[in-house]
Amino acid sequence: MTTIHQLYDQAQRYLPGGVSATARANAAIGHPLYVARGDGARIYDVEGREYIDMCISHGASLLGHNHPRIKAAVTRALDLGILCSYETEHHVALARRVTELVPCAELVRFAGSGTETVMHALRLARSVTGRDKIIKFEGHFHGYADALNFSAAPPLDQAGPAAAPIAYPESSGIPASARGDIVVIPFNDEAALEAAFARHGDRVAALMLEPINYDQGCILPKPGLLQRCRELCDRHGVILFFDEVLTAFRLAPGGAQQYLGIIPDLCVLGKAFGGGMPISAVAGKREIMGHLRPLGRSEWSGTYLAHLTTVLGALAALEEYSHPGFYDRLNAVGEHFYAGFQALVEHSGVPLRLQYAGPRFGLYFGVRDEVTNYRQAACKDRALEHAFIAGCYRRGVYFAVSPHHGFSAAHTIADMDRVLEVIAAALQDVRQLEATK
């Protein structure tokens, strides 16, 4: 049997850092988790160890791993001939279902990753408005394309003043010229939002945001903020663009826009949309989406867009999410888990802020007060966080080193009780580490 450490040594010979994606490195355990298989709420590593999965594909596998409806859908797509680069009746059916569920969706176009979808949709927004600038919130992540990969998690000493953040490039190789089209403002600061519109509004194509900032753990918008975003966009002719890669279908069938009651002009759907299959989409108003070719002049095409395996997988996922009681059951598991987790935190004495919405949550070690923006989230104690993740891993619960964690519809109350037992022990590890500081 090849051990994880042997496989890691081999992987580093052929893959940069031994991984196929940066986020799969896990600094807390010292190596990536090399998985042999997954089923329901569990994953199994190459050495045969079992873990309850609290990463759950970074939220993509909302139904759990190896769901029978998703498997059947993919098998059907394979039986139909592994069709690629063709339209089918199933594409029409999926688009129709999205328009029935998502409030802003009048027309839909599919893509693969969230990064790809945001890239195309940003071009669409600029095509519609004839403007170049984008307003985004500090700490909100919108993929890895050069045009928007700014200030998702900037080092605080390079982020600029808290009230007036600078556009910090999140990767080397991003052209300096791209920075001039990005206006970065602090989240949950209505005065900063209004000032940005007053200064730039007539040159702004879109206001881009995560309606719930899961990419900094779980930061909810303050009451009235999204309504003010809607009003300012309407006043200045700016497209209100929700990045629902993480929130789509997670909190309600219509995503965060249904959950929070504010309807954007455009939204990106991702992760849970495919039930673990690699598909995303932009959905929006007809007068905006009609600018896409072949109707308009904004390009959006590609050989592998909406591969039939992913389309049928997404259709199956949406059918599951639409079943009566799906979200009630998911929320019941969450209420049980979050109450137990909070009680363990209070009993342990560990400084830890738990914030959650639906089946995703954020952990802010070293923080006790509510986190409402990136600067507060960035102050968390990463050493304590890593000790917690490592302690859970040793005891059979897997957390990625990620701002957000979560569970799936496959997780049961019994599963979460076991997770709470492991968390209790891992918090004692954290407590011991804190005592040595």
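1. Let's start with a helix pair: helix 2 and helix 9 make a right-handed crossing. A crossing is right-handed if the near helix is turned clockwise from the far one by less than a right angle, and left-handed if the turn is anticlockwise. Helices here are DSSP runs of H or I with at least four residues, strands are runs of E with at least two, and both are numbered from the N terminus.

2. Some ground rules before we go on. This is a predicted model, in which local features need pLDDT of at least 70 and side-chain atom pairs count only at pLDDT 80 or more, while totals for chains, interfaces and linings use all residues. Residues are numbered from 1 along each chain as its sequence is written, and side-chain values use heavy atoms, with hydrogens and water left out.

3. Back to that pair. Two packed helices are described by the angle between their axes and the distance between the axes. For helix 2 and helix 9, the axes come within 8 Å and cross at roughly 150°. Each axis is a line fitted to C-alpha atoms, for helices over the stretch in contact, and angles between N-to-C directions run from 0 to 180 degrees. Helix 2 and helix 9 are therefore roughly antiparallel. The labels go like this: under 35 degrees is roughly parallel, over 145 roughly antiparallel, 65 to 115 roughly perpendicular, and the rest oblique.

4. Which residues meet here? On the helix 2 side, look for Arg69, Ile70, Ala73, Val74, Arg76, Ala77 and Leu78; on the helix 9 side, Leu308, Thr309, Leu312, Gly313, Ala316, Ala317, Glu319 and Glu320. Sorted by class, the contact of helix 2 with helix 9 has nine nonpolar, two polar and four charged residues. (Contact means heavy atoms within 4.5 Å; Ala, Val, Leu, Ile, Met, Phe, Trp, Tyr, Cys and Pro count as nonpolar, Asp, Glu, Lys and Arg as charged, and the others, Gly among them, as polar.)

5. Helix 9 also packs against helix 3 (residues 89-101), at an angle of about 35° with the axes 10 Å apart. This crossing of helix 3 and helix 9 is left-handed. The contact of helix 3 with helix 9 comes to ten nonpolar, two polar and one charged residues.

6. The crossing of helix 12 with helix 13 is right-handed. The residues of this contact split into eleven nonpolar, one polar and three charged.

7. What about the inside? The largest nonpolar core has 94 residues, and Leu207, Phe273, Phe341 and Phe388 have the most contacts inside it. Helix 9 (residues 308-321) supplies the largest share of this core, nine residues. There is also a second, separate core of 28 residues, including Ala205, Ala206, Val268 and Ile288. (A nonpolar core is a set of buried Ala, Val, Leu, Ile, Met, Phe, Trp, Tyr and Cys residues joined through side-chain atoms within 4.5 Å; buried means under 20% relative accessible area, exposed over 50%, partly exposed in between, with a 1.4 Å probe and protein chains only.)

8. Click on Ile52, in strand 3 (residues 50-53). Is Ile52 buried or exposed? Ile52 is buried, with a relative accessible area of 3%. Arg42 is ten residues away from Ile52 in sequence, and their C-alpha atoms are 4.6 Å apart. Not counting residues up to four places away, Ile52 touches, among others, Ala41, Arg42, Tyr398, His411 and Val419.

9. Asp243 in strand 8 (residues 239-244) is charged by class, and it is buried at 4% relative accessible area. Leaving aside neighbours within four places in sequence, its contacts include Val118, Phe141, His142, Met208 and Val268.

10. Most residues other than glycine have a negative phi, and most peptide bonds are trans. His58, not a glycine, has a positive phi of about 55°; it sits in the loop between strand 3 and helix 2 (68-79) and is partly exposed at 21%. Ile82 also has a positive phi, of about 50°, and lies in the loop between helix 2 and helix 3, exposed at 52%. A cis peptide bond links Arg293 and Pro294, with omega about 15°, and Pro294 is in the loop between helix 8 (286-289) and helix 9.
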